[in-house]
Amino acid sequence: MNPIMQAPTIEYGTLAPMLLVFGAAVLGVLVEAFAPRYLRKVMQVPLTLVSLGGAFALVLVQVIMRGAPTEAVAMGAVAVDGPALFIWGVILVLSFVCVLLVNDEGHFVASAAAVPGSADEEEAEAAGGGHTEIYPLLLFAVGGMMLFPAAHDLLTMFVGLEVMSLPLYLMCGLARRRRLLSQESSMKYFLLGAFSSAFFLYGTAMLYGYAGTVSLPGINKALAGGALLDPLLLIGFAMLGVGLLFKIGAAPFQAWKPDVYQGAPTPITALMASGTLVAAMGAVLRVFWVGLGNLDWNWRPVMWAVAALTMIVGAVLAITQTDIKRMLAYSSIAHAGFLLIGVMATFDKSQQNAGSLSAILFYLLVYSFTTVGAFAIVTMVRDPGGEAGHLSRWAGLGKRSPLLAGVFAFFLLAFAGIPLTSGFFGKYAVFAAALASGSESGDSLGGWMTGLVVLGVVASAVAAFFYVRVIVLMFFSEPAADGPSIAEPSMGTVAVIAVAALVTVGVGLFPQPMLDVAHQAAANLFIR
Amino acid sequence: MESPVEIVQHTAGGVIGVSWLMIAFPLLGAAILLILGRKTDRWGHLLGVAMSLASFVVAVLAFFELLGLSAEQRRQAVHLYEFIPGMADMGLLIDPLSISFALLITGVGSLIHIYSIGYMSHDPDRRRFFSYLNLFVAAMLLLVLADNYLGLFIGWEGVGLASYLLIGFWQFKPSAAVAAKKAFVVNRVGDFGLLVGMFIMWSATGTFAFAELSEKAGGLSQPMVTAIGLLLLLGACGKSAQLPLQSWLLDAMEGPTPVSALIHAATMVTAGVYLVVRSGAFFFPEGSPQALAVAIVGAATLLAGAIIGCAKDDIKKGLAGSTMSQIGYMMLGAGLGPAGYAFAIGHLITHGFFKADMFLGAGSVMHGMNDEVDMRKYGALRKYMPITFVTFMVGYLAIIGFPLLSGYFTKDGIIETAVEHNQVLGWLAVIGAGITGFYMSRMIFMTFFGEKRWAEDAHPHESPTVMTVPLIILSIGSIFLGGYLILSNRLMLWLAPAVGRPEELPQFHFASTPGLATLALVAVGAAYAWMKYGRAEVPAVQPRGSFLTTFARRDLYGDALNESLFMRPGQWLTRIAVFFDNRGIDGVVNGLAAGIGGTSGRLRRIQTGFARTYALSILIGAALLTGALLLVGNI
């Protein structure tokens, strides 16, 4: 009798970084369950940091000792290829940095379940200590972020998506100040996230109906021989696209971003604005590249419109924002649009486009570090009732705290893409790659790509306005008499800002080493 | 004529391989002092000095390593990293020209750092001062060491920034703030020229690198080369305070005196000369119109600067006029092709020593006289400040070209080469030397001789050792350096791999016609100064003076000229532009801005805050996406 089911083979070595993070998360849950309250933080913080650092070390070992594998692992469910390893490395460093921010006292509520303003809450506050559950939650989210872009079939990708998102929904509601806003953001994020997940799942089902498989290369193979105009395929693809574009916050699926970014505790916002974006962008790239590579002429005009709309909506709406976190959220939307330009470039017919893939990876790296640095600074500018979110409170900050305002101004300039900051080279790489792919293809596509890049430059100019406006506000306005206080930063926060500033300056002055790394990662391309 | 040797890629390790340390040390110093801020107040100045000295040590070691190579190997390009992919690499060029500059910048720079410890000891912001000085040294080294125009330009702007910050160091004085702004704005005109020159260079050759330009520049058309050359000259005029962009230098004396010595006498203002000599092989071929333009600008400025120097009562402004004039000599030399390069660079180096010597001497005098700068309130100081007096005298004798001192050899070299190439410019330079003899003697007599004309609370005293030792070292250089460099053509042979040299080596004549004429005119000038300011009494209040004196006092009406030629018409132009701008362009731009803002405001209302609205927008988006895909698929 044949065995009914074969035991799956799991390549533990290749998957070690992800398994380490998940393992540590499970261990964290056990700590929450069994360790006494006063010991939890002491145990959770080192556990989290060591596991993230260890996972990063494992990624390095993998890259140096063995190079990226060329076969999908875990029965074809996960592909740990060059881009995936690069994205893992970036996510691990970013989450390590974000944990340092999380670790700072005072961001998280003592008891999330208590009704805001109730006696229960006061009691929990008096008892002291925050939620230490935040650490295992964060580790689960990071594990999901690693699985999401590395998944090689749509179901695994969906699991990654949910493992990443569920802890984030929770963590959004844990802000200590402005509880209602925080809970509202959590609720919204959860509802809309569930909605978009449904789209993703529906798209997966449709594609399964078309191709008879959920594996990405399998779908691509079916495309090569099958009918390209099958409604099943097109609808499935559109639904899948909605789910993915929601996660990167592309228009018209961006509405959640400002509300959630504003309400969530700022360290979590930093994690979402950097780690989630990197992971989701990686997943977008993999789906379009591996799963739908043979469909490219169909989705191009639609994607073109999405990229254009995203840039415009992000840049234009940011102008009238009055809250610093909302402004950064819209800025993040605009940057997602710039990244989508790169995505357009990556799927050129010639397929000789490791260059544009590396440009996107590079952009992700530089943008996410600058973002974390900017949010870290936001955590430090405080009013009696919490962070000073309203932009008017930032007036004259340059006179009260020149160093802080100077670094923030520098980050803003990097967002705007001013030369000698990393942001300049990020934009330059993506735009140049887009132009190159346009001119390579030679047909009418070239003109469309050029048009998109022009639109990107115009959107950058509009975006520069609101970045510079904050700088003007900080340095050329009189400070308010009862202006916000600058919190004495913990070592962790200082380290975060320093790392972000170093990356922004360093890559701005010497982009080549980082470009080389990105290029190396992209040279292997995705496993197909 | 022999052309420069080819640039070779540096492969072996050694000090040349790590020559970037020269830039890194002071840059690190500046970064530490600026970032850590007040925490470094106690030891900041020492760090600044240490970083500058470390840079000097690297320069010396690299110099000796270069000396050990054969002449064909003496242009070493050190590749650092790819700067803008596909456009420019960042690298350093270590060759005799750049290393000579590096030695001057770090050597004199270190001495001035040390001097500043004493000079700025009472200033609460001494640490900030040293951070800017370090920043300057780093930028200046990048300017001269970069192996391409892009790196040079970054250094060029870096020194401009440092100069701005240091001129306005005492920004609480309105005059200092205005002077800093003026220097910045005037330099912008020059930088614009340099930038446009680089644009043309790039579009014509596709490269900024010296190594590639030496191959490709030969293929350019004549008008193209002339255009680039003239635009680079405009840049050089701005940085080196040459006519017509000279007006900022005199005002720049508002900065602390060590700054005037380092930046506005010894190093930064000579960057223009460096630019011309470095570009010589590509854009200033011998006998070309643009090379002639360089020489003419030099000759005109050397006269203008000398005339201005005659009428100034402010000791630092007198020296500033003299700096303009001396850089004019260098420019003149640089416009004469390879025959003049060695003398121009030689004069640049010796000038770096004797002018820094005199500026620091002036600073020492001011230090003892409660920061008084008016020479009419000095007099008879030689007895009270003996070391300052002797060192200043050495600098004085060097600059007027007293036989066998440094300035004698280098200036005479320029004058003789100029007379050989172009009689008119050559003899103008001779006349300029005579005027130099007058105004420098005037300065000496007014300051150190004659009667006391001090303010009542003045108690002149010699400066501390930390200030006098640099003076002594600089004056030793002012005595011997010129002869060492020029006799037996040491400097010319040393620089030949980098800038080329004439086929026939010049012979130094001690008794040539122009040389003797120069000496005679200098003697006349000095004697006239003795009659007017040595023997006769110096009025403590400035007399009205003749038309010519006023002309010189008002900087040859340079500012007035700028105002009536550029500022007023510029203002009118602006008004007209504003008029049309308000009616036409602004309407469009404001309309656009208002449109974007209005759109933003309207779009913002879609962001209602209700999850149901957001979900609806997602649904509509999904429907659109699906519809569009189906539509596109079926076309």
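How many residues does the contact take from chain B and from chain A? In this predicted model, local features need pLDDT of at least 70 and side-chain atom pairs count only at pLDDT 80 or more, whereas totals for chains, interfaces and linings use all residues. Residues are numbered from 1 along each chain as its sequence is written, and chains are lettered from A and ligands numbered from 1 in the order in which they are written.

The contact takes 34 residues from chain A and 28 residues from chain B, two residues being in contact if their C-beta atoms, placed from the backbone, lie within 7 Å. On the side of chain B that touches chain A, two or more residues each come from strand 2 (76-84), helix 23 (558-604) and helix 24 (611-634) of chain B. Helices (H or I, at least four residues) and strands (E, at least two) are DSSP runs, numbered from the N terminus. Helix 24 of chain B gives the most to this side, with 16 residues. The residues of this side comprise 15 nonpolar, 11 polar and two charged. Here Ala, Val, Leu, Ile, Met, Phe, Trp, Tyr, Cys and Pro count as nonpolar, Asp, Glu, Lys and Arg as charged, and the others, Gly among them, as polar.

In chain A, three strands form an open antiparallel sheet in the order 2-1-3; strands pair if DSSP finds at least two bridges between them. Strand 2 (386-387) and strand 3 (485-486) of chain A each have a single partner strand, so one side of each is left without a neighbour in the sheet. Strand 1 (residues 381-383) of chain A pairs with strand 2 of chain A over two bridges, and Asp383(A) stands opposite Gly386(A).
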